[in-house]
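Thanks for coming. I will take you through one structure, starting with the RNA and then turning to parts of the protein.

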Amino acid sequence: MEKTIGNIVATALKILYGSDADMSNIQVQSTRKEFEGDITLVVFPLLKYSGKSPEDTAYDLGNYLLKSSPGISSFNVVKGFLNLQVSNAAWLSEFISLWQSGSANDLSKKGQTILVEYSSPNTNKPLHLGHIRNNLLGFALSRILTESGNSVFKTNIVNDRGIHICKSMLAWKLFGKGKSPADTGMKGDHFVGKYYVEFETAYKSELSELIRKGMTAEEAAEKSELMAGARDLLRKWEAGDRETVDLWMKMNSWVYEGFDSTYKALGVDFDKIYYESDTYKLGRDIVEEGLQKGIFYRKEDGSVWVNLSDDSLDEKLLLRADGTAVYMTQDLGTAVERYNDYKFDHQYYVVGNEQNYHFQVLKLILKRLGYEWAEGIHHFSYGMVNLPEGKMKSREGKVVDADDLIDNMIDTAREMAEELGKLHDYVEEEKEAIYRKIGMAALKYFILKVDPRKNMMFNPRESIDFNGNTGPFIQYTYARIKSVLKLAKEKGHSVAEISTDLLMNEKEADLVKLLRKYQNVVKEAAESLNPSLIANYAYELAREYNQFYHDYTILGEHDHSLRNFRIALSEYTGNIINKAMYLLGIEMSERM
RNA sequence: GGCCCCAUAGUUCAAGGGAUAGAAUAGCGGUUUCCUAAACCGUAGAUCCAGGUUCGAGUCCUGGUGGGGCUACCA
């Protein structure tokens, strides 16, 4: 409707003033709540065409629209704003066509192949709150891009090798006494993470001991036996030393077992998992190739670098002096392998904004190497999750652990639900499934409603609520709708068609106006890569429905056609809520 | 030092250069013989500072202040 009005305005400007208007000057938007009307035309940008005052121009256009657009029933002018009233009949017919088309999806299919890389954990420690934001964003982004008609593949690069793993391995060798997670009853990833923290703690005290003996910080780092041991393990690993590789495989398998259960709890999955241990060699080949082409250069100590000062960046290390690979080495390899596997049009790396520089460099190097597809790789850079006491530090074990957080959320959901006591006719298993859905909805919505680009604050004690602008609020609205529909069915009210001869009340009209925006919200979310738009829309829709539900009876309505309309309106709202939340990876419950 | 990001009610978040800056939560006050009160209604409360561009600035530009990140032979 907005588009139609825009076109009519363009015609009107031509006829009334003889001007060919630039469409970007024709601004049609929803009328703000506090003013009368449904759709507003901002006339300020059009004054240059009319040569008249804002008010006169608005009246000219208002009168023209009233005559030539059947859906417009009246208009009013406030300052430079032309507020158009859309007729009840026009809104109703718009709802009917939405309702009839059901869940059909009329988004234009772009059909591009898109890779979304997310999660990308290190195998030396369990997942924490930062990973949760990453996983939820990556998963939601994938669903949104799929919904917009693309072929989307979810990938994960597991950073399963490197000095950090060797630190955990060394600590386990030194302090582990040969124990396994099963011996201690710990989850595998937590078990390995414990040794990583133990390494860092021991390393720190070793350093301060050396510094106390008179060394500088640099000298101490140089002389550290622990760090030397970790480096030694890394060299042995790259050389394929049997014992080292076996230990590495054993410890990684413990970690994967732990990750799998966390991923399952989060409800995320992947189409293909890449392992850095597979891709780093290709990375080294690529570095070799770049050396031969003269794009990279070798320093006297044997390390390999790229000089990016032409692009006003600095030098970047690509291979250490001892020949071992670094982060960038493997990312080069992974990127090339992915392109060979998928021939993607676009690849989004869901990685925190602390790595903006890394991805800038990655793209630049790939371009210098002559890969044209490098234009299609993008860093989906999301903000940090901060705690009241500051940044999370996994080296020091100062994190909000993912598993703990998930368990807490579900526990809280259970406590609240039991207090409300609405589910007594369910067996334990069914109840637990619902508690899980509610707890996860609270967590997921809390994180996804925030603009991904922005840093966000997480206060473990206060942050996650179950009332107000929350996941459970939306679930509750959905459960109410389902409950009404179930009762309607039991009473034999089935809606075959909706009368075109109804007068909607204000709440019904507001709901219809919101429902028709859904497709556009999904489109914008896909274009701007922003799941929070969908989260905020779903909330607004749920709130609007709750007002309608509170103010009017649905099943108690005696007028047959009005009752049917309200049932259809409820059903359609429920469908949209469900679809929107599905795109965010949030499950609905029929009861709660 | 250099580069990048951020700054909105007590708090956590919204606001495609457009009208009187929205929500939630915490506070205060209400609504349940009626389809789920995890709801609904009312009340109070905010654009870091100084300039500039514009008919119009929370939004764009410049400078300042405050916070975060990167600038690692960690990933």
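**Around the RNA**

Of the 66 residues around RNA strand B, the ones that come nearest are R32, D301, K422, Y476 and Y552. Please keep in mind that this is a predicted model.

What does the RNA turn towards the protein, sugar and phosphate or bases? Of the atoms of RNA strand B within 4 Å of the protein, 62% belong to sugar or phosphate, and the rest belong to bases.

For phosphate, an N or O atom in the side chain of K79 is 2.9 Å from a phosphate oxygen of RNA strand B. For the bases, a polar backbone atom of I554 is 2.9 Å from a base nitrogen.

Several elements give two or more residues to the surface near RNA strand B, among them the strands β1 (27–30), β2 (39–42) and β4 (81–86), and the helices α6 (163–175), α15 (402–420) and α20 (532–551). Which element gives the most? That is α17, with seven residues. By residue type, this surface divides into 30 nonpolar, 17 polar and 19 charged.

Now to helix α6, and to H164, which lies in it. Is H164 buried or exposed? At 15% relative accessibility, H164 counts as buried, because the cut-off for buried is under 20%. A polar atom of its side chain lies 3.4 Å from the backbone oxygen of N159. Leaving aside neighbours within four places in sequence, H164 is in contact with N122, N124, N159 and Y196.

Next is α14, residues 356–368. Its 13 residues, at 1.5 Å a residue, should span 18 Å, and the end C-alpha atoms are 19 Å apart, which agrees. The buried residues in α14 are H358, F359, V361, L362, L364, I365 and L366. What do they pack against? The partners are β9 (304–307), β10 (315–319), α13 (327–342), β11 (346–352) and β12 (377–382). After α14 comes G370, with a positive phi near 95 degrees.

**Salt bridges**

Side chains of opposite charge can pair when their charged atoms come close. How many salt bridges does a search of the whole structure find? It finds 35.

In one of them, the side chains of K187 and D403 meet at 2.7 Å, N to O. K187 lies in the loop between α7 (181–184) and α8 (188–212), and D403 in helix α15, so the pair ties together parts 216 residues apart in sequence. K187 counts as partly exposed, at 25% relative accessibility, while D403 counts as buried, at 11%.

In another pair, R414 forms a salt bridge with E432, and the closest N and O atoms are 2.8 Å apart. R414 is in helix α15 and E432 in helix α16 (residues 428–448), 18 residues apart. R414, at 22% relative accessibility, counts as partly exposed, and E432 is partly exposed with a relative accessible area of 28%.

In the remaining pair on my list, R566 and E557 meet through their side chains at 3.2 Å, N to O. R566 is buried, with a relative accessible area of 5%, and E557 counts as buried at 18%. Elsewhere, salt bridges that share partners join K33, D38, D510, K513 and E544 into one network.

Definitions and conventions:
Residues are numbered from 1 along each chain as its sequence is written. Chains are lettered from A and ligands numbered from 1 in the order in which they are written. This is a predicted model: local features need pLDDT of at least 70, side-chain atom pairs count only at pLDDT 80 or more; totals for chains, interfaces and linings use all residues. Side-chain values use heavy atoms; hydrogens and water are left out. A residue is near a molecule or strand if one of its heavy atoms lies within 4 Å of it. A polar contact is a pair of N or O atoms within 3.5 Å; within protein, one must be able to donate a hydrogen and the other to accept it, and residues adjacent in sequence count only if both atoms are side-chain atoms. Helices (H or I, at least four residues) and strands (E, at least two) are DSSP runs, numbered from the N terminus. Ala, Val, Leu, Ile, Met, Phe, Trp, Tyr, Cys and Pro count as nonpolar, Asp, Glu, Lys and Arg as charged, and the others, Gly among them, as polar. The expected span of a helix is 1.5 Å times one less than its number of residues. Buried means under 20% relative accessible area, exposed over 50%, partly exposed in between (1.4 Å probe, protein chains only). Contact means heavy atoms within 4.5 Å. A salt bridge is a side-chain nitrogen of Lys or Arg within 4 Å of a carboxyl oxygen of Asp or Glu.
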